[in-house]
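Dear colleague,

I am passing on the structure below, and my notes on it follow. Please read them with the coordinates open beside you.

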Amino acid sequence: MRIVFVGASQTAVNAARRLGESGHEVVMIDESRERLTAIEGELDVALLHGDGSKPGLLREADPEHSDVLVAMSDSDQDNIIASVVGRSLGFGTVVTKIEDESLEPICREIGLDAVIVPARANARRLAALIEGRDDEALSGMIRGDVRLFAFTVEKPDAGPISGLGLPEGSRAVVVYRDEETIVVDDDALELRPGDEVVILAKARHLETLERKWAHGAHSGRALSGLE
């Protein structure tokens, strides 16, 4: 895959490093020459200096031959603009980071369904640790050829879990919805855009799941410790 990041934050750099190690091609755009210079010798990525919300610069990132645009600058407004511009230029998947949760409904209204809200995700993770639940620790306990896979629901997948068309022997086990954790005991459970779904599946089905949800927020992914 070819992934373009708008904003060279530490989170973006860490993600770019992992993606590069997995064999993906990464481009990073940032207005700060200092930031770009700092990562130039650290990562094997292409660098573009300038405002990633500007159509001219995003065209330089080659949308036609890119798979994902991830808007992760320090400004919610710039990220939303970059996402809308990127979508109009032809990026297949657009992921938008926002810090202000009140902007999420607006993002949905203008068709930006792959939205990341770091504060909410961190709060959910903290609450899980406090309550003695740890998804990453759980993933480390899964053995043999069984794997955990997670993806974020977009509009095409909204509806009953039974409509996901999961591979034989696979099943959804947990749905995270805002601050709520829903243990799945019925395939009739209605999924909503923004829900994060955790699936238990055979290792041989991971590639099928990754292809099916390559377009999702964060993209579909095997959980830590299982890749």
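Two strands are taken to pair if DSSP finds at least two bridges between them. With that in mind, and bearing in mind throughout that this is a predicted model, I begin with the sheet, where Lys-97 stands opposite Ile-116 in β6. Strand β5, which covers residues 93-97, pairs with β6 in the parallel sense, and the pairing extends over two bridges.

These two strands belong to an open sheet of six, ordered β3-β2-β1-β4-β5-β6, in which the pairing is parallel. Because β3 (46-49) and β6 (115-116) stand at the edges with a single partner strand each, one side of each is left without a neighbour in the sheet. Helix α2 packs on this sheet, where it touches β2 and β3, and its direction makes about 170° with that of β3. Helix α4 (residues 76-89), for its part, lies across β1, β4 and β5 and runs at about 175° to β5.

Once residues up to four places away in sequence are set aside, Val-70 touches Ile-3, Val-4, Phe-5, Val-6 and Val-95.

Two individual residues may be worth a look. Leu-36, found in helix α2, has a relative accessible area of 7% and is therefore buried, the cut-off being under 20%. Apart from its neighbours within four places in sequence, Leu-36 is in contact with Met-28, Asp-30, Leu-47, Leu-48 and His-49; of these, Leu-48 is twelve residues from Leu-36 in sequence and 8.2 Å from it in space, C-alpha to C-alpha.

The other is Ser-66, which lies in the loop between α3 (55-60) and β4 and counts as buried at 8% relative accessibility. The side chain of Ser-66 makes a polar contact with the side chain of Arg-2 at 2.5 Å, while a polar atom of the Ser-66 side chain lies 2.8 Å from the backbone oxygen of Asp-62. Not counting residues up to four places away in sequence, Ser-66 touches Arg-2, Val-4, Ala-61, Phe-91 and Gly-92.

Finally, the aromatic rings: a search of the whole structure finds two aromatic pairs. The rings of Phe-149 and Trp-213 have centres 6.4 Å apart and planes at 40°, so this pair is tilted. It links distant parts of the chain, 64 residues apart, since Phe-149 is in strand β7 (residues 146-152) and Trp-213 in the loop between α8 (206-212) and β13 (221-222). Phe-151 and Trp-213 form a pair that is stacked, with 3.9 Å from centre to centre and 15° between the planes; here Phe-151, also in strand β7, and Trp-213 are 62 residues apart. Phe-149 and Trp-213 are buried, as are both Phe-151 and Trp-213, and the ring pairs link Phe-149, Phe-151 and Trp-213 into a cluster.

Methods
Residues numbered from 1 in each chain as written. Predicted model: local features only at pLDDT ≥ 70, side-chain atom pairs only at ≥ 80, totals over all residues. Heavy atoms only, no water. Contact = heavy atoms within 4.5 Å. Helix = DSSP H or I, 4+ residues; strand = E, 2+ residues; numbered from the N terminus. Buried < 20%, exposed > 50% of the residue type's maximum accessible area, 1.4 Å probe, protein only. Axes fitted to C-alpha atoms, helices over the stretch in contact; angles between N-to-C directions. Polar contact = N/O pair within 3.5 Å; in protein donor to acceptor, adjacent residues only side chain to side chain. Phe/Tyr/Trp six-rings, centres within 6.5 Å; stacked < 30°, edge-to-face > 60°.
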